[in-house]
Every structure is written in structure tokens, then in C-alpha cells.
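User: I would like to learn how to read a few features of a protein model. Please go through them one at a time.

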Amino acid sequence: MITPEYLKKGDTVAILATARKIDESTLEPAKALLESWGLHVVIGRSIGKEENQLAGPDWLRATDFQDMIDNPSIKAIWAAKGGYGTVRIIDRIDFTKFRMNPKWVVGFSDVTVLHSHINNMGIETLHAMMAVSAKSATPEAKESLRRSLFGEPLQYTIAANKQNRNGKARGEIVGGNLSVLYSIMGSKSQIDFKGKILFIEDLDEYLYHIDRMMMNLKRNGWFEGVKAVVVGGMTEMNDNDIPWGKDAQEIIQDILKDYKFPIIYGFPAGHIKDNRAIILGKTVSIDANSNEVKITFE
């Protein structure tokens, strides 16, 4: 995998919207955070634009992203907000210059489309908080973003979850939002999980939807050859009047029960305030025992 050039003081980061609309004033905390790290900030043309739920029409959001990845003075692109809409522009983007001069693409949730598409090019990306989250994110989440962008060592030690399947694993970490991963299966943005560590998280889904998506991945053989699964936040799940009978963690545990790889639950990433950065495409080592879990980015 190719690692984009790490940032240094004086570099410029672009904040833009690939999906839902957002006004520039909401991004002041994000701008202040980047500037406190010695970085310059450029605001994309999609910010402040509106077409129903989206940050302007598809062509505008695509053009904004295209301009930023083609601009050699922009060293990282930070998605302002998620929601839905990135998949509507992905096929409009020409990644020719990006392949020659990779830069960090930062965000999560709907940005999983970009993470997966770019992973297929052999380039690392950064699964981390959105710009809109800068006001509410924990200090640990912000620091993990800074360390990742500036190329400082990244390691997490978290308490063991009693439902973990302990063990050791090493491999390239991929993944992101489960619903988005499910939605791009069969497209050219789909990624192969074999020989890799899979990270998943999700928000505001019905529990039977989680079961349906996990069953689809299992039936299509996507868990065959996976080195480990890391489960982040499964946040604000919904249920029917007649309960499904299992929570999201129990659903995942049930569907993966026949595999032997380690499974880590409760990793601090996803739709939570403590959304720690994950360098997707980077090789990581996992050591999970009954006391703690260590995840080290190599």
C-alpha cells in the first residue's frame, strides 16, 4: 500500500462536502483545530450549497472534490459531513492525478465509498471524525487524527470486552460503515476482505438489517480468509414492535460463530464522540487477551 505524504506545519487541508449540506459557520471549530496544528484551511465550493438534503448537485460536489485532489498545494481532504451522497459522485471522479500524487482523504460513514474505492488503488486513507464533529469529539479522537496526519506512532490499548474472541492477528485493516460496504458490493468500489482485518461500524439501523447485511456477506464468502474483525460503535440501533431478540453485537457474534479469527467488540470508532482514527490500508497487529486489546499500526 502507498502511504500519502504526511503533513507538516504550513501545509493546507481542504474541507468539502461529498454528501449532505452544511454551512461554513458550522465548520469554525474544525478550522480552528487545524490552524492550532499549524495548518492552513481551504473551504470547498460545496460548503454552503444546497440541493434538498445534498450539498449542491452531484456535478458540483464532484467538481469540488476533483479540483481538490488535482491541486498539488492541497495535502489532505477532510469531509465536512456524512449522511448520504458520496456514491452519487464517485464515478464522476478522475483519479489519474491522485494516483500520481496521493493525499490523505479523511472521514467516515458515507466516506466509506471513497475509502473502499481508493483502497483498490493501493493507497491508504484515514477513517476518522468528520470536520463537523470537531466541536463535540473527545480530545483522544482529535489527537488520534493529528497523530495520523503527521505520521506519529499510532497504537490503541482498550479494555477487553467479555464477548471478544481473543487471539493475535496481523494484516491490512480495511472496512468502515457496514451499510455502505453492503451497498457497494458488486461494484468496482467493492473491496476484498481476504487476508485482511475487517473493521465495521454502523448507526441508526434496524437490528434485522444488521442481520441481513451480515448474512449477505457470509453467504457471499466475504469472511473466508479474514484475519480478524474489529467492531466499532453500533450506535442508536432500532428494533421492531416484536423484538429481533439480539442486539447488534450478539447478531455479529452469532453470524461469525463458525469462524476461528479474533473478534474485537467495542473499539472506539464510528458514530460516537470518541471516534479514534484508523489508517485504512495500513498493516496492523492485534493482540487480544482477557485483560486488554492492543492494536498497533506498523
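This is a predicted model: local features need pLDDT of at least 70, side-chain atom pairs count only at pLDDT 80 or more; totals for chains, interfaces and linings use all residues.

User: Which strands does β8 pair with, and in which sense?

Analyst: In general, strands of a sheet pair through backbone hydrogen bonds, either parallel or antiparallel. Here β8 pairs with β7 (residues 167–177) in the parallel sense, over 6 bridges. It is also joined to β9 by 6 bridges, and these two run parallel as well.

User: What unit do β8, helix α7 and β9 make?

Analyst: They make a β-α-β unit, and it is right-handed. The helix in it, α7, spans residues 207–219.

User: In what order do the strands lie in the open sheet?

Analyst: The order is β6-β13-β12-β7-β8-β9-β10, which is 7 strands with mixed pairing. The edge strands are β6 (155–159) and β10 (263–264), each of which pairs on one side only. An antiparallel case is found between β6 and β13 (residues 292–297), which are linked by 5 bridges. Within that pair, Ile 158 has Val 293 in β13 as its bridge partner.

User: How do the side chains of a strand point?

Analyst: In a regular strand the side chains alternate between the two faces of the sheet.

User: Which residues have a positive phi without being glycine?

Analyst: Two cases can be shown here. Asp 204 has a phi of about 55° and sits in the loop between β8 and α7. Glu 236 has a phi near 55° and sits in the loop between β9 and α8.

User: Are Asp 204 and Glu 236 partly exposed or exposed?

Analyst: The cut-off for exposed is over 50% relative accessible area, with partly exposed lying between that and the buried class. Asp 204 has 45%, so it counts as partly exposed. Glu 236 has 59%, so it is exposed.

User: Which residues form the nonpolar patch on the surface?

Analyst: The patch is formed by Tyr 206, Tyr 208 and Trp 244, with about 280 Å² of accessible area together. Tyr 206 lies in the loop between β8 and α7, and at 33% relative accessibility it counts as partly exposed. Trp 244 lies in the loop between β9 (228–235) and α8 (248–255). Its relative accessibility is 40%, so Trp 244 also counts as partly exposed.

User: Is Gln 249 buried or exposed, and which side chain does it contact?

Analyst: Gln 249 is placed in helix α8. With 19% relative accessibility it counts as buried, because the limit for that class is under 20%. Its side chain makes a polar contact of 3.5 Å with the side chain of Asn 161.

Notes:
Residues are numbered from 1 along each chain as its sequence is written. Side-chain values use heavy atoms; hydrogens and water are left out. Patches are made of residues with over 30% relative accessible area and no salt bridge: like charges are joined within 9 Å, nonpolar side chains (Val, Leu, Ile, Met, Phe, Trp, Tyr) within 5 Å. Accessible areas come from the Shrake-Rupley method with a 1.4 Å probe; for residues, only the protein chains shown count as cover. A salt bridge is a side-chain nitrogen of Lys or Arg within 4 Å of a carboxyl oxygen of Asp or Glu. Helices (H or I, at least four residues) and strands (E, at least two) are DSSP runs, numbered from the N terminus. Buried means under 20% relative accessible area, exposed over 50%, partly exposed in between (1.4 Å probe, protein chains only). Two strands pair if DSSP finds at least two bridges between them. A crossover is right-handed if, with the strands pointing away from the viewer, the path from the first strand over the helix to the second runs clockwise. A polar contact is a pair of N or O atoms within 3.5 Å; within protein, one must be able to donate a hydrogen and the other to accept it, and residues adjacent in sequence count only if both atoms are side-chain atoms.
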